[in-house]
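Subject: Handover of a structure and notes on it

Dear colleague,

Please find the structure below, passed on to you for your studies. My notes on it follow.

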Amino acid sequence: MSVFTLPQAEKEEVLLTELSALTEHHRRNSEPYARILAASGFEKADSVAELPWLPVRLFKSLELKSIPDDEVFKVLTSSGTTGEVSRIYLDKHAAAEQTRRLGATVQTVLGPKRLPMLLVDTKAMLKDRKSFSARGAGVLGMSTFGRDHVWALDNDGVVDLDAIRGFLDKHGDAPFLIFGFTFLVWLHLYEVARDNGLDLSNGILIHSGGWKKLIDQAVSPDEFRARLAGVGLTNVHNYYGMVEQIGTVFLEGPSGGSLYCPDFADVIVRDPITWRELPPGETGLLEVISTLPTSYPGHVLLTEDLGVVHGVDDGDWPGKRFSVLGRLPRAEARGCSDTYREAA
Amino acid sequence: MSTLQQLREAFRTALDLPADAPVDDLQYQDNEKWDSLAHMSLIAALEDEFGVMIDTDDVINLSSFQEAIKILGKYGVDISE
């Protein structure tokens, strides 16, 4: 079973229908969203690129939801670097659906069985079970896909070499799952494996969390992949996702270097000045599209991340393949959402 | 102990509920003890107790006590008095 099946033209046809309906649904059920649409003059989209997008930071300043208060089942928050918090409202249906779709996406590379799982993080992060950090929520969400979980770091965040060795002794000779944030994987797994001769060749690594800290250390995504291969870790999948589109992850394909969009999602790269859609090869702002946000109008979002589409229907899986290249400098990003604040 | 009693015990232990707590009508996340962290303990407890390996889709779909009975049935575990 895969959720990476639709060629681009076919996907856009499906998405245009579903997302146009979602746009109407949110217009009817979220007053602030209806006001934004009215101010933008939007009537109808003839292509996915014409669908009206919201800047992702709008979820920090407006209460955007399309469900009555008494149907709010879960409120997800993400704190940005400035301390502003996005609030994402889920009803029961949306909460269950996001877990299912994330499950289906990840099973594309893991298969239907839960694998023994090495978490490159510390259990201490989950101590306050009422309020997890975004990192904690990510780890917890992913642990559904594993079994016999072992934490690679102790409660102080120090590498627990005995725990890692114990895990590999028990599970290292059959496929196992490794999950962690990119920078932690580099510092606390790759370097430890290299220095201690650990065999990770049966591991399937799923990692996320941005490249900034690694690029500061002059480690590019290609270098990351090459060096991990040096300790036997060749099944490596980076992913990109955000709380504002919870359940949707863009997953790196088996040959590396590109992220792919599941059948229910897509990306568009826009010129940050003209908002025009940019062709493959040109860098711009990433817009992320997903049919999952039914309880809040997050189905078409302009992120503050720079990205580039590498190609369409020409990679491991059908559809667009792309990379995320980092953040747009803050000042420029603020400019674009101010436009929307006025509109709202 | 019947398998139904075993299942009730496993729920109470994993969800940290009192020994006499009624569990037959429990729904995921309706009871505040059954959150996503407890869910993983519950799955591990069911696997240990009944000697099965539950697939990812079933972990996701196991959203109530009654659903647990159905899912365990798929793995050949008959839950009864």
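Predicted model: local features only at pLDDT ≥ 70, side-chain atom pairs only at ≥ 80, totals over all residues.

Chain B

The C-alpha trace of chain B spans about 30 × 30 × 20 Å along its principal axes. Chain B holds four helices and zero strands, and from the N terminus on its elements run α-α-α-α. Of its 81 residues, 26% are buried. Among contacts in chain B between residues at least 6 apart in sequence, 51% join residues at least 24 apart.

One pair of helices deserves a description of its own. Two packed helices are described by the angle between their axes and the distance between the axes. For helix H1 (residues 3-14) and helix H2 (residues 36-50) of chain B, the axes come within 9 Å and cross at roughly 145°. The crossing of H1(B) and H2(B) is right-handed.

Which residues make the contact between these two helices? From H1(B) they are Gln6(B), Ala10(B), Phe11(B), Thr13(B) and Ala14(B). From H2(B) they are Ala38(B), Ser41(B), Leu42(B), Ala45(B), Leu46(B) and Glu49(B). By class, this contact has seven nonpolar, three polar and one charged residues.

Chain A

Chain A has ten helices and 14 strands. Its radius of gyration is 20 Å, close to the 20 Å that the globule rule gives for 344 residues, so chain A is as compact as a globular protein of that length. Along its principal axes, the C-alpha trace of chain A spans about 60 × 45 × 40 Å. Buried residues make up 44% of the 344 residues of chain A. Of the contacts in chain A with a separation of 6 or more, 69% are between residues 24 or more positions apart.

Where the chains meet

Helix H4 of chain A

At 1.5 Å a residue, the 19 residues of H4(A) should span 27 Å, and its end C-alpha atoms are 26 Å apart, which agrees. The buried residues of H4(A) include Ala94(A), Glu97(A), Gln98(A), Arg101(A), Leu102(A) and Val109(A). Just after H4(A), Gly111(A) takes a positive phi of about 80°.

Ala96(A) also lies in helix H4 of chain A. Why does Ala96(A) count as partly exposed? There are 18 other C-beta atoms within 10 Å of Ala96(A), whereas a residue is buried if 20 or more lie within that distance and exposed if 12 or fewer do. Ala96(A) and Gly247(A) are 151 residues apart in sequence, and their C-alpha atoms are 9.6 Å apart in space.

Yours sincerely,
A colleague

Notes
Residues numbered from 1 in each chain as written. Chains lettered and ligands numbered in written order. Axes fitted to C-alpha atoms, helices over the stretch in contact; angles between N-to-C directions. Left-handed = near helix turned anticlockwise from the far one by under 90°. Contact = placed C-beta atoms within 7 Å. Nonpolar A, V, L, I, M, F, W, Y, C, P; charged D, E, K, R; others polar. Expected span 1.5 Å × (residues − 1). Rg over C-alpha atoms; globule rule 2.2 N^0.38 Å.
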